[in-house]
Amino acid sequence: MSGSTPRPTAWRRLPLLAALAAVPAYVACSPGGEGDPLADRPSGPLPVETLVVASAPAVPKPITRRSPAKLIVNLETHEVRKRLADGVEYTFWTFGGSVPGPMLRIRAGDEVEFHLNNHPSSKMPHNIDLHAVTGPGGGAASSFTAPGHSSVFSFAALNPGLYVYHCATAPVGMHIANGMYGLILVEPKDGLPKVDREFYVMQSEFYTTGRFGQAGLQPFSMEKALHEDPEYVVFNGSVGALVGDNALKARVGETLRLYVGNGGPNLVSSFHVIGEIFDHVYTEGGTVANQRNVQTTLVPAGGSAIVDMKLEVPGTFILVDHSIFRAFNKGALGMLKVEGADNKVVYSGKQNDLVYLPEGGAVQAVPENGAAPERELPREELIARGKQVFTANCTACHQLEAQGVPGAFPPLAGSDFLMANKERAIGVVMHGLTGEVTVLGKKYNGVMPMLQLTDGDIAAVLSYVRTNFGNKASDIVSLAEVRKVRAAAAAKPGAGVR
Amino acid sequence: MTSGVRALLVVAALTGGFAPGAGAQPAPGVEFRLVAAGRVRPIFAAGVADTGIAVGAFRLAARPVTNAEFLRFVAANPAWRRTRAPRVAVDSSYLRHWSGDLTLGPNAPPAAPVVNVSWFAASAYAAWAQGRLPTTLEWELAASRFHRALGNDPERLNLRVLEWYGSATRAVLPDAGHGMASDDGVRDLHGLVWEWVEDFNAVVTSGESRGDSGPDAGLFCAGGAALAADPSNYAAFMRYALRGSLRGSYTLATLGFRVARDAEPGKGNR
């Protein structure tokens, strides 16, 4: 604090004193608000188990033990070339040979003897930082392992929750960007509320030198990683890992829990399941279902969330990062296929498909709200407006000087076809034109689309074109003439085109 | 380093010391290139001027030591054969890609670089071949000069190196001596194998990479290193991380070595 900071007055100190008085109570119930996590350790040695892990999207079975154990964990770091998207390969650095690494499930108070084994074919040394570990580097400081070697360290699980683990070897960003992350669930001592089905979903992004979908083995792009501009944002390590035959599957009536992690390395996920509402969210992977009825939940890079939902109706529900271009263009898309009986009350499905006709049978340009009703314009004003309409709507095909494109778009400049019949010209602009026409002795057989111009625009653009580009009409095209053609067409469908 | 010192004594006893011994002979077929003097800015460079550290000229083998060359070494020095080398000086995967003590076999082409050799074994070979291992600074200096091959563009070199680091290891390595040549005419510095350096453990990354760039990195780093000079030089980070993960007896399927010599006898960088 700088010397100029005013000294607190006596009354300002009171809240501080109150806070200090509260500290012993807080300490007594920390961490995890469940009392001393190591309190129920037996006096003798703990029973020893080898931990069974699960590959995404599977989740290890809930723990039925109600007393602590010593768990032996073996995790291998392995650099493997695998599919990132169809036709696209990447050299992934992995825990356990896949991205994400396996999910670990232990119980608060357990003791873990962790063996990190670096495959002999690895180019890189690796280590592991488990966010569930209390200690320097979350284990990274004790697990730095050369290729073909093995490190062992032990920790006690003090805090329950859903935690990310990842490699933290220099340069840490590249080790994460290449796929080195996974989830470890530390169950509260009394477990989590029971659900019918559980899945493990982990989002992450990849920075390849080639653009999204560019085929072949794609190297890591450090530049894109530094700019946080990934080509791929995916669930469970590759585009389509949770799509089609690989979709998550469940049944109507089940309760479903997703353990959602985000490996990053850079992006925060706006996790959303299209067509579902999360009944409970354990935000940021904590152990309190602190929010209900959530549409989209944030999953921080290097963080997690647990979401529960009751499946009421069948169908395919799409998992997305609702930063939606990531879903549509970069791969952040998965599927949850729910089978079972319809519930027409909850969701009817499509009940009818009707033709929607806003104003009778004819397609009409509807004036925008607040637009002034159209009126006849003085000649100069009409032709000036016509020039604007021409430039905006006609030049793409008929060209700036109305000269057309030989063989494709007929000229309007000096056009006999245009000048021969004013009503026909109005009809062509109003309805478009299909089929063969002869202009200045040359045949054209194309399609002019209906342009949805207002009657006033049609009058203006024809007045402009018929008095410019070598066309020598003495009269303009009035709004009344256009309206007359439209009325005739409405009375006799098909008229006006040719 | 107590075990390291003990290992050194064992190794010295086995080979008749690090000076060229009775069985010593020059390694035929390997050219030594003069690497011109220059300056190196280490990635962990606390207290080092921006201009870097001066490194004098030295000689460096134009390519890494091959399986065939190492076979001649173990033939002449039986104590370094796979089944006889002391476990304090080599770990259990020493020369494991060979078929036998004196047989290379299908995974060890004669002209491919020798790998699965420990620092002690590499040092013993270098002494037998009338040389030594290059220092870290020497190696980094030699490995930074690719103006002729890549234009004056450190980014291109960085990308090329990253490409190798990011690719999977091949089961059988290609022959040495065909990689990109440095300005000094030294080949295979990038893209074939990692290489032992004499002082591989002088700059230590603790393994907790985020701490290495923090203010308390000095606690870990024997070289007095603290803040990274260039955090975007991922290639250099990876080399330092690998060296930091090693011990003298370790052998890796991607780690070989080459021999260095002083530019003139008695006028070295050490």
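In chain B, helix 6 (residues 154-165) packs with helix 8 (residues 234-244) at an angle of about 45°, and the two axes lie 8 Å apart. Helices here (H or I, at least four residues) and strands (E, at least two) are DSSP runs, numbered from the N terminus. Axes are lines fitted to C-alpha atoms, for helices over the stretch in contact, with angles from 0 to 180 degrees between N-to-C directions. Helix 6 of chain B is therefore oblique to helix 8 of chain B; angles under 35 degrees count as roughly parallel, over 145 as roughly antiparallel, 65 to 115 as roughly perpendicular and the rest as oblique. On the side of helix 6 of chain B, the residues that meet the partner are B:N158, B:V161, B:L162 and B:Y165, while helix 8 of chain B contributes B:Y234, B:A235, B:M238 and B:R239. Contact means heavy atoms within 4.5 Å. Six of the residues in this contact are nonpolar, one is polar and one is charged. In this grouping Ala, Val, Leu, Ile, Met, Phe, Trp, Tyr, Cys and Pro count as nonpolar, Asp, Glu, Lys and Arg as charged, and the others, Gly among them, as polar.

The model is predicted, so local features need pLDDT of at least 70 and side-chain atom pairs count only at pLDDT 80 or more, whereas totals for chains, interfaces and linings use all residues. Residues are numbered from 1 along each chain as its sequence is written, chains are lettered from A and ligands numbered from 1 in the order in which they are written, and side-chain values use heavy atoms, with hydrogens and water left out.

Chain B contains eight helices and seven strands. Of its 270 residues, 54% are buried, where buried means under 20% relative accessible area, exposed over 50% and partly exposed in between (1.4 Å probe, protein chains only). Among contacts in chain B between residues at least 6 apart in sequence, 76% join residues at least 24 apart. Its accessible surface is about 11,200 Å², with 54% belonging to carbon and sulfur atoms; areas come from the Shrake-Rupley method with a 1.4 Å probe, and for residues only the protein chains shown count as cover.

The mean pLDDT (the predictor's confidence in each residue, from 0 to 100) is 81, and 76% of the residues of chain B reach 70 or more. The lowest confidence falls in helix 1 (residues 2-15) of chain B, with a mean of 50, and the highest in helix 3 (residues 119-128) of chain B, at 97. The pLDDT is below 50 over residues 15-24 of chain B, a stretch with 11 contacts in the model beyond near neighbours in sequence. It is also below 50 over residues 213-227 of chain B, where 26 such contacts occur. Helix 3 of chain B is mostly covered, with 10 of its 10 residues buried; among them are B:W119, B:F120, B:Y125 and B:W128. Just after helix 3 of chain B, B:Q130 adopts a positive phi of about 60°.

Chain A comprises 10 helices and 23 strands. Of its 498 residues, 47% count as buried. Helix 9 (residues 455-465) of chain A is largely enclosed by the rest of the structure, because 11 of its 11 residues are buried. These buried residues pack against helix 5 (379-393), helix 7 (416-420), helix 8 (422-431) and helix 10 (479-491) of chain A.

Several loops of chain A carry local features. A cis peptide bond joins A:A56 and A:P57, with omega about 5°, and A:P57 is found in the loop between strand 1 (48-50) and strand 2 (70-85) of chain A. Another cis peptide bond links A:G264 to A:P265, with omega about 10°; A:P265 lies in the loop between strand 14 (255-264) and strand 15 (269-274) of chain A. A:A241, in the loop between strand 12 (232-235) and strand 13 (248-251) of chain A, is buried, with a relative accessible area of 19%. Not counting residues up to four places away in sequence, A:A241 touches A:F235, A:N236 and A:N246.

Positive phi values also occur in chain A. A:N293, a residue other than glycine, has phi near 60°; A:N293 belongs to strand 17 (residues 291-294) of chain A and is exposed, with a relative accessible area of 59%. For A:L440, phi is near 50°. A:L440 is placed in the loop between strand 22 (433-439) and strand 23 (442-448) of chain A and is partly exposed, at a relative accessible area of 45%.
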